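Here is a short report on the fold below. Keep the structure open while reading.

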Amino acid sequence: MNIGIFYRKIIFYSYLAFIIFMYTRPVSMERYLEEASGLDLDKFFHFITFLFLGLLAQLTNNAKNEYTYGVTLALIISLFIEFTHVMIPYRDFEILDGLVNIIACVIGVLIVN
């Protein structure tokens with residue numbers, strides 16, 4: 001295996017684990033800080049996070065299927081995160097968050113291609 005692909009896979013899976021950890025842990029303080037500042041940056045952070053995920057997914061994928069891997073990954077991870085929000089305290093299931101995640105991931109895939 002090419003050593004560059006190996007390091008890209010380590011970075012990709014580490015980033016994926018970080019995203020899953022950060023988006024599935026119960027937090028209450030972030031809501032209070034967001035309400036106090038008056039800024040709703042949630043969708044922006046979702047977009048940036050999943051844009052990088054799409055970029056890394058496509059850079060890691062060395063198969064001939066150009067879009068399948070990144071788009072499938074976006075759907076699976078976004079659905080997993082949003083459906084776990086139903087069970088996690090202080091988290092809400094939001095369809096718009098899932099759509100922003102998928103769109104950002106697909107844009108990341110398209111940027112690489």
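From the N terminus on, the elements run α-α-α-α-α. That comes to five helices and zero strands. Helices (H or I, at least four residues) and strands (E, at least two) are DSSP runs, numbered from the N terminus.

The model is predicted: local features need pLDDT of at least 70, side-chain atom pairs count only at pLDDT 80 or more, and totals for chains, interfaces and linings use all residues. Residues are numbered from 1 along each chain as its sequence is written, and side-chain values use heavy atoms, with hydrogens and water left out.

Of the 113 residues in the chain, 34% are buried. Buried means under 20% relative accessible area, exposed over 50%, partly exposed in between (1.4 Å probe, protein chains only). Contact means heavy atoms within 4.5 Å. Among contacts with a separation of 6 or more, 79% join residues 24 or more positions apart.

**Helix pairs**

Two pairs are set out here.

| Pair | Angle | Axis distance |
|---|---|---|
| H1 (residues 3-24) and H3 (residues 42-60) | about 155 degrees | 9 Å |
| H4 and H5 | roughly 160 degrees | within 9 Å |

Axes are lines fitted to C-alpha atoms, for helices over the stretch in contact, and angles run from 0 to 180 degrees between N-to-C directions. Angles under 35 degrees count as roughly parallel, over 145 as roughly antiparallel, 65 to 115 as roughly perpendicular and the rest as oblique. H1 and H3 are therefore roughly antiparallel. H4 and H5 are therefore roughly antiparallel to each other.

H1 passes H3 in a left-handed crossing. Residues of H1 in this contact include Phe 12, Tyr 15 and Tyr 23, and those of H3 include Phe 45, Phe 52 and Leu 56. By class, the H1 and H3 contact has 14 nonpolar, three polar and two charged residues.

H4 and H5 make a right-handed crossing. Gly 70, Ala 74 and Ser 78 are among the H4 residues there, and Gly 98, Asn 101 and Cys 105 among those of H5. This contact has seven nonpolar, four polar and two charged residues.

A crossing is left-handed if the near helix is turned anticlockwise from the far one by less than a right angle, and right-handed if clockwise. Ala, Val, Leu, Ile, Met, Phe, Trp, Tyr, Cys and Pro count as nonpolar, Asp, Glu, Lys and Arg as charged, and the others, Gly among them, as polar.

**His 85**

His 85 sits in the loop between H4 (68-84) and H5 (95-112). Its relative accessibility is 3%, so His 85 counts as buried. A polar atom of the His 85 side chain lies 2.6 Å from the backbone oxygen of Tyr 23. Not counting residues up to four places away in sequence, His 85 touches Tyr 23, Arg 91, Asp 92 and Phe 93.

Methods:
A polar contact is a pair of N or O atoms within 3.5 Å; within protein, one must be able to donate a hydrogen and the other to accept it, and residues adjacent in sequence count only if both atoms are side-chain atoms.
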